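Me: I have a structure open and want to go through it with you. Can we start with a sheet and then move on to contacts?

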Amino acid sequence: MHIIAHEGTVAARPKARSRWWRDAAGIALIAACGAAGFWLFPDNLALLTRIVAVALLVLSIDLIVGYCGVATLGQAALFGAGAYAAGIACVNGVTEPMTLIAIGAAAGAVAGLLMGAIMLRAHGLAQLVLSIAIVQLFHEAANKASAYTGGSDGLAGLMVSPLFGLFEFDLWGRTAYLMGLALLLLVFIALKFVVASPFGMLCRGIKQDPIRIRAMGAFVFPVLLKMFVISGAVAGMGGALAAISTQVVGLDSVSFELSANALVMLVLGGLGTLYGALVGTVIFMGFEHVVSAFNPFHWMTMVGALLIAVVLAAPGGLSSLMEKVSASKGRSS
Amino acid sequence: MASATLFIQFRTSKRKGSMQTILSIAIDALAFGMVLFIICIGLSLTMGLMRVVNLAHGAFAMIAGYIASYAARDLGLGYAAGIFLAIIGTIVISVPLERFLYRRIYGSPELTQVLMTIGLTFCVIGITNYFFGPTLKTIPLPQALSQPVDVGFRTIAAHRLFVIACGAVVAGGLWYLIERTDFGIKLRATVDNAAMSDALGVRTQVVYAISFAIAIGLAALGGVVGAEFLPIEPYYALRYMVTFLVVVSVGGAGSIPGALIACLVLGLVDTTGRYLMPEFGNFFFYAAVILIVCLFPRGFLGRAQ
Amino acid sequence: MSALFQVENLSKSFGGLAVSRDISLSMPAGERLALIGPNGAGKTTFVNLVTGQLKPSAGRVLLNGQDITQLGAVRRVRKGLVRTFQVTRLFSDLTPEEHVTLAVLQREGKATRILSRFHGNSHVADEVNGILATLGLHEVARRKVGQIAYGQQRLLEIAIALALKPKVLLLDEPAAGVPSADTPRIEQALERLPPSLAVLMIEHDMDLVFRFAKRVVVLAAGEIIFEGLPSEVAADPRVREAYLGNYANARSIA
């Protein structure tokens with residue numbers, strides 16, 4: 001019995017190494033796809049930058065829904081908080097882009113703290129309704145505070161100074177896209193560490209059975225609140241990136257529709273894997289761009305049908321479907 | 001809910017004296033609350049009984065609105081026929097959806113239900129607009145409902161009274177159905193303990209299907225008679241999705257009096273807020289929601305689990 | 001020996017219904033106590049009161065002489081009062097190794113760290129492997145819990161509890177639902193529990209109770225009706241009455 005136990009210990013090392021290699025390869029793949037987008041669609045960089053910003057939002061939802069099991073339909077409140085904070089700072093003379101991103105992250109984190117503190121008081125349906133009410137409240141507040149936010153006209157005229165004092169934000173959006181891509185990669189790597197940490201494992205445990213976690217002597221509320229703050233920072237960076245790249249912040253950045261769409265993207269891609277969040281965002285927004293230009297109602301029908309199909313037939317999302325396909329191929333070869 | 005402004009705008013005169021103002025707000029709030037009630041009570045039933053968070057509930061009200069508009073305006077069949085056809089048509093559409101989609105998510109986690117019904121909502125919006133075109137659909141009121149009625153000390157729009165009466169009839173009818181009929185007994189038993197009722201010979205699948213049809217029929221009725229408050233337009237199902245869900249969870253899923261209280265309270269908060277401070281939009285509505293949900297996590301009269 | 005764990009006059013009533021009445025218990029370190037009683041005797045309520053899931057209407061719970069009655073469930077675990085669950089509560093897509101690692105990290109106050117790796121700590125890994133080996137779970141250490149046998153899941157419940165280094169361990173029916181072929185493995189695991197640990201076991205399986213416990217407490221209708229040696233239980237008239245009612249004189253309980 002004890003001999004086998006020692007074999008188990010020895011086996012630990014190679015597995016950890018292969019995991020590390022897989023992550024490195026995944027990140028390289030994301031970087032390669034991003035670079036390919038840059039070369040293949042030079043006329044659509046604004047869209048690609050938007051995709052990157054929304055990908056940050058979807059990643060932030062994954063942290064809460066996929067890793068902690070807290071359902072939310074109000075995540076755009078955090079995205080919007082970041083966007084407006086960066087926008088207002090920019091209009092008031094803080095124009096350095098990395099500072100603006102940091103401001104967005106901070107504002108998102110604070111909003112996440114607030115949202116978590118309210119949402120985590122409730123469970124199930126009440127929690128979901130609170131998330132919706134919070135994003136709607138943010139929306140109305142942003143609309144009302146038009147002196148700062150521009151109200152329904154949006155906050156326009158953001159003049160961002162060159163990145164590191166060197167790279168102008170050009171008309172084609174090259175600087176904005178490359179900055180966004182770099183930001184996304186950094187955030188992705190950071191989140192890989194977060195979900196692979198003891199804290200990340202604790203969250204996965206809470207998602208499955210909070211009572212068991214309490215019986216292990218761990219408090220649930222502060223852990224979830226911490227994740228809300230992290231998630232808020234990520235969403236806030238997404239909002240700030242959107243503000244910097246489009247030089248406008250509109251009320252749609254803090255809306256139920258954006259929250260719901262982002263959740264749909266996550267579910268299409270696959271909950272609880274960071275890759276799923278990226279895959280879902282790219283596929284959803286790519287198709288939206290093509291089909292929606294043709295007929296927005298066809299687009300809704302298509303997304304709706306796809307969503308029903310995924311929920312009923314492939315609860316793991318498209319990324320798990322791909323994994324299954326590649327796994328079965330690997331077995332047959 | 002954005003449309004609540006529509007019917008308030010024509011009573012702009014704050015000069016009329018405060019009594020008049022208060023009465024106007026009260027009537028509008030009551031009528032608006034009743035519209036919410038007629039639509040939401042169906043959702044409350046679905047959520048309380050089948051434990052399904054049906055975000056597509058508003059989509060059925062929208063389908064009904066489109067059918068009624070088509071029948072009453074385009075075919076010229078009249079308001080009553082419009083309401084009747086809309087209810088029948090919507091229920092007919094809902095039956096296969098219940099059988100093939102909803103039955104598969106009974107008992108699933110909330111997130112699954114939310115996502116599937118959002119998907120269904122998207123499909124309904126896409127398909128309806130493909131067939132009927134992306135324009136605002138009006139449902140012309142008959143002569144009798146479009147004129148003011150003199151109630152002695154002042155006049156009230158007849159349509160308001162009609163809506164309030166509809167709400168009262170729905171509340172009374174449902175109460176009778178649930179408390180006084182054989183079906184009501186089976187329904188309550190199934191709500192309390194589905195497995196036990198099944199064992200006792202209640203055909204719970206049938207109870208579910210009938211309740212679902214009733215819920216959809218009420219959504220249809222509310223969609224049509226409430227079109228003056230919540231106009232039938234391409235994104236109706238999405239625009240009011242949140243409103244309906246919020247109202248039900250504030251009232252407590254499955255409770256008729258709870259839903260009635262929630263609709264009246266939220267109708268009053270919304271109408272008053274818009275009347276007195278229109279620039280705040282839905283701010284007070286959602287502030288009230290957060291407060292209520294924090295204080296009563298199961299809603300006003302929700303069942304403890 | 002002085003009492004490590006004490007329950008004094010613990011009572012709980014829901015409305016007018018008393019489900020626990022004036023329960024007092026005292027356990028020294030190293031105790032092996034079995035709590036038995038017919039269905040509905042209030043055993044689960046007792047566990048919930050002791051672990052902090054329920055607030056008692058009256059009475060005190062003391063650990064190491066310190067009053068912990070007002071502490072929440074989490075703080076009691078941190079003080080060393082740990083329980084297992086009657087129906088396993090495990091994370092189906094994690095492995096036994098991950099479960100125990102999480103428990104060890106939690107005990108060391110490292111479970112909420114973001115800037116370290118879950119799998120990266122070799123001294124934690126050694127401890128985890130040790131615990132899994134003691135309970136014979138090393139073979140399935142890397143399999144998802146959803147895919148291992150129920151008996152092994154029950155052992156994992158014990159492994160998690162041990163990883164928290166408890167002073168007092170409450171075992172809520174450790175052999176419930178385990179096929180009889182696997183009960184010897186549970187029994188073996190129970191025999192190997194650290195000698196200084198005070199163990200309170202709730203169990204229906206009388207063979208297991210008699211082999212494991214040095215002392216038996218019988219609960220009926222929320223009250224302690226017997227406290228003494230396992231060998232004396234069967235002969236006690238009140239116990240016979242509680243279990244067998246009117247048939248008490250006709251048959252024996254074992």
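Me: What is the strand order in the open sheet of chain C?
Reply: This is a predicted model. The order in chain C is β6-β7-β8-β3-β9-β10, an open sheet of 6 strands with mixed pairing.

Me: Which strands stand at the edges?
Reply: β6 (81-83) and β10 (223-228) of chain C; each has a single partner strand, so one side of each lacks a neighbour in the sheet.

Me: How many degrees are neighbouring strands turned against each other on average?
Reply: 20 degrees, direction ignored.

Me: Do β7 and β8 of chain C pair in the parallel or antiparallel sense?
Reply: Parallel, over 5 bridges, with β7 covering residues 168-172 and β8 covering residues 198-202 of chain C. In that region C:Asp172 stands opposite C:Ile202 of β8(C).

Me: Which helix packs on the sheet?
Reply: Helix α1 (residues 43-51) of chain C, which touches β3 (32-36), β6, β7, β8 and β9 (215-220) of chain C. The direction of this helix makes about 150 degrees with that of β7(C).

Me: Other topic. How many residues does the contact take from chain A and from chain C?
Reply: 29 residues from chain A and 35 residues from chain C. On the chain A side, α1 (2-40), α8 (198-208) and α9 (210-215) give two or more residues each.

Methods
Residues numbered from 1 in each chain as written. Chains lettered and ligands numbered in written order. Predicted model: local features only at pLDDT ≥ 70, side-chain atom pairs only at ≥ 80, totals over all residues. Contact = placed C-beta atoms within 7 Å. Helix = DSSP H or I, 4+ residues; strand = E, 2+ residues; numbered from the N terminus. Pairing = 2+ DSSP bridges. Axes fitted to C-alpha atoms, helices over the stretch in contact; angles between N-to-C directions.
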